[in-house]
Amino acid sequence: MKFILRLFLLLVLSGLICCLPACKSAKLADAEAAYARGEYFDAQKIYKKVYNKLTKKEERPLRGEVAFKLGLCYDKLNMAPRASAAFQNSIRYEYPDSMAYFYLGKALQSEGKYTPAIKAYEDFLSFKPDDALSLEGIRGCEMALIAKSKPKTRYIVKNAKNFNSSRADYAPMFIDASGDQLYFTSTNEKVTGDHKSEITGMKKGDIYFAKKNERGQWMRAEPVEGELNSESDEGIISFSPDGQVMYLTKASRSETSNTTVEIFTSRRSDASWSAPEKFVIVHDSVTATGHPAVSSNGKYLYFTSDMPGGYGGLDIWRINIDDRVGTLINMGPQINTSGDEMFPYSRTDSLFYFASNGHPGFGGLDLFKAKLNSTGDYWSVENMGLPINSSGDDFGITFGAGEAGFFSSNRGDARGYDHIYSFELPDLKITISGYVMDKDEEPVPGAVIRIVGDDGSNQREIARDDGSFKFNLGRGVRYVMKAGAPGYLNVKQEFESDIAEEDADYGIDFILAAINKPQVVENIFYDFDKATLRPESKEALDEIVAMLNENPHVSIEMGSHTDRKGSDEYNIALSERRAQSVIDYLIKAGIDEERLSPKGYGESVPKTVTKRINRDYPQFEEGTVLTEQFIETLSQEDQDAADQINRRTEFQVLSIEYGLF
């Protein structure tokens with residue numbers, strides 16, 4: 001069916017059809033007639049016989065022309081290797097039509113031979129420097145060469161063998177959002193009628209469908225029931241949102257007329273489909289319309305056509321299903337090009353998929369995703385990349401639940417036959433994990449951790465017995481995280497996940513301060529024998545500011561301790577000045593003075609060794625009080641270590657009711 005819709009372009013594309021000399025043979029006339037009707041399969045068989053008989057030297061010009069026409073047939077039949085060989089022969093025999101270079105580039109690109117394809121396109125541009133399709137072809141080849149050296153997208157693509165036959169199977173479509181029934185077009189040997197298509201050489205397409213069983217497995221595909229399938233070509237379908245109306249492409253041919261391609265509708269009654277009825281879009285017998293796609297809200301029908309007013313080749317159009325008159329519009333230059341845009345698929349009002357050979361691609365038809373901007377006046381279009389796209393034809397996508405579904409491709413099939421492929425974009429595994437610990441690095445089981453993202457997400461988790469927690473994250477989201485537990489002050493942290501499309505596990509820990517005991521503040525430094533705070537203390541002091549802002553009803557005592565050196569009077573005075581320096585910093589940072597009390601302890605409160613201190617200083621047993629008498633029994637090295645532990649700044653929560661009464 002994708003070949004048939006192109007039939008109507010043959011007479012309007014410059015350089016495609018050239019009349020052969022008047023002395024042409026009867027067989028050559030038959031080939032020309034078949035080609036003019038779009039019967040490419042029949043035409044190529046005749047052209048090939050004629051070509052093989054043209055062996056005389058004086059027949060070289062005619063041989064070059066027949067090779068060109070043979071290449072055009074292979075191009076329409078998606079037989080890229082044969083097409084490139086035929087166009088190379090036409091150039092070798094000095095066929096004068098420069099389009100041979102363009103079609104050679106197109107065929108080589110479809111074979112994945114990107115470097116020679118670029119050369120062929122450049123040869124054509126020497127005749128027609130501004131040709132848009134050749135320029136886009138070069139861009140696509142260059143994009144493909146770069147893409148081959150980079151990692152593929154995360155899509156997982158597989159041949160859906162349970163749907164595919166030995167012939168062409170393509171254009172899958174889910175009947176509804178449940179994803180439990182899949183319809184598609186098939187040309188297998190069991191389709192209705194015995195007559196093979198003059199266009200493709202295969203039997204004419206019928207519509208098949210498959211269901212999932214109770215275990216979620218796909219059952220064998222069967223032809224749809226009812227009056228839908230016939231000896232004509234039926235296929236490329238879409239459904240109303242309720243699944244009760246099918247829109248389909250239907251092609252028919254009589255002995256007295258060429259093939260016509262139009263859109264029809266069929267209605268479902270239980271499992272049976274009614275005989276198709278024509279869905280009139282234009283009132284002439286020349287314009288081709290096909291590849292219907294119902295919008296997600298059921299209001300519009302997107303379709304493909306060669307009607308006047310487009311941008312060249314086949315364009316995608318839209319019409320209101322209920323009020324057709326006066327609602328027909330072209331999808332515009334962001335979607336349509338001078339090439340062919342086909343197989344539209346409307347996923348949402350602002351998310352649209354289609355196939356094109358006019359946008360830069362990997363060869364043949366590529367699948368593209370288009371997003372509508374917030375003002376509704378511009379579509380941004382991007383190639384779906386490898387492995388969704390290939391050097392062959394990739395088209396006819398449908399989505400089930402999430403980022404998974406099916407599409408069609410003729411990749412890897414030398415005959416050019418299309419097959420159905422599944423695709424799935426696995427969820428990114430982006431997580432953040434860590435531990436909630438107290439200041440002594442003991443776990444805080446039962447702590448509550450909350451995480452709120454600017455994407456609207458809001459998660460909550462309880463820390464496990466070892467204090468651990470874990471959350472799933474989105475990509476490129478800013479988060480605010482908070483941890484708290486009874487008897488501890490709350491702690492808040494902010495975090496932003498990366499935008500890279502790759503799995504990631506971020507780590508973050510929360511250290512909670514207990515309310516009922518003093519908490520050492522690490523990394524507060526003073527000038528020697530003075531109360532002046534050193535610059536490297538700023539980070540630790542700012543953490544206290546953040547903690548107090550996060551716990552607005554808390555009042556604290558800020559205590560400073562010295563080592564055993566110096567007189568008691570001197571140490572008390574020095575520690576009081578140091579405590580006041582910290583208080584002054586906090587007040588300057590915006591903390592209410594009434595919430596803060598300085599206290600200088602001098603050497604009067606020696607530190608008791610905690611589990612954490614024991615880990616860092618294993619020479620001091622946990623629970624040991626580092627008194628002056630104990631320290632004097634140690635070696636000089638251990639005395640220095642003990643004095644360092646005793647020199648500290650601590651805060652103690654005095655109240656958790658500030659400002660409440």
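This is a short walk through a predicted model, from its nonpolar cores to one of its sheets and then to some local backbone details.

Start with the cores. In soluble globular proteins, nonpolar side chains tend to be buried together. The largest nonpolar core here has 45 residues. Tyr35, Tyr47, Val66, Phe68 and Phe87 have the most contacts inside it. Helices supply much of the picture. At least two residues of this core come from each of α1 (26-36), α2 (40-53), α3 (60-76) and α4 (80-92). A second core is separate and has 26 residues. Among them are Tyr183, Phe239, Leu248 and Phe399.

Now move along the chain to a sheet. Strands of a sheet pair through backbone hydrogen bonds, either parallel or antiparallel.

The partner of β31 is β34 (residues 648-655), and the two run antiparallel. Two bridges join them. In one of these strands, β34, Glu650 is the bridge partner of Val520.

Next come the backbone details. Take the peptide bond between Leu386 and Pro387. That bond is cis, with omega at about 0 degrees. Pro387 sits in a loop, between β19 (379-383) and β20 (394-399).

Two residues other than glycine have a positive phi. One is His291, where phi is near 55 degrees. This residue lies in a strand, β12 (residues 289-294). Is His291 buried or exposed? Its relative accessibility is 1%, so His291 counts as buried; the cut-off for buried is under 20%.

The other is Asn523, with a phi of about 65 degrees. Why does Asn523 count as partly exposed? Its relative accessible area is 48%, and partly exposed covers the range between the buried limit of 20% and the exposed limit of 50%.

Technical notes
Residues numbered from 1 in each chain as written. Predicted model: local features only at pLDDT ≥ 70, side-chain atom pairs only at ≥ 80, totals over all residues. Heavy atoms only, no water. Pairing = 2+ DSSP bridges. Helix = DSSP H or I, 4+ residues; strand = E, 2+ residues; numbered from the N terminus. Core = buried A, V, L, I, M, F, W, Y, C linked by side-chain atoms within 4.5 Å. Buried < 20%, exposed > 50% of the residue type's maximum accessible area, 1.4 Å probe, protein only.
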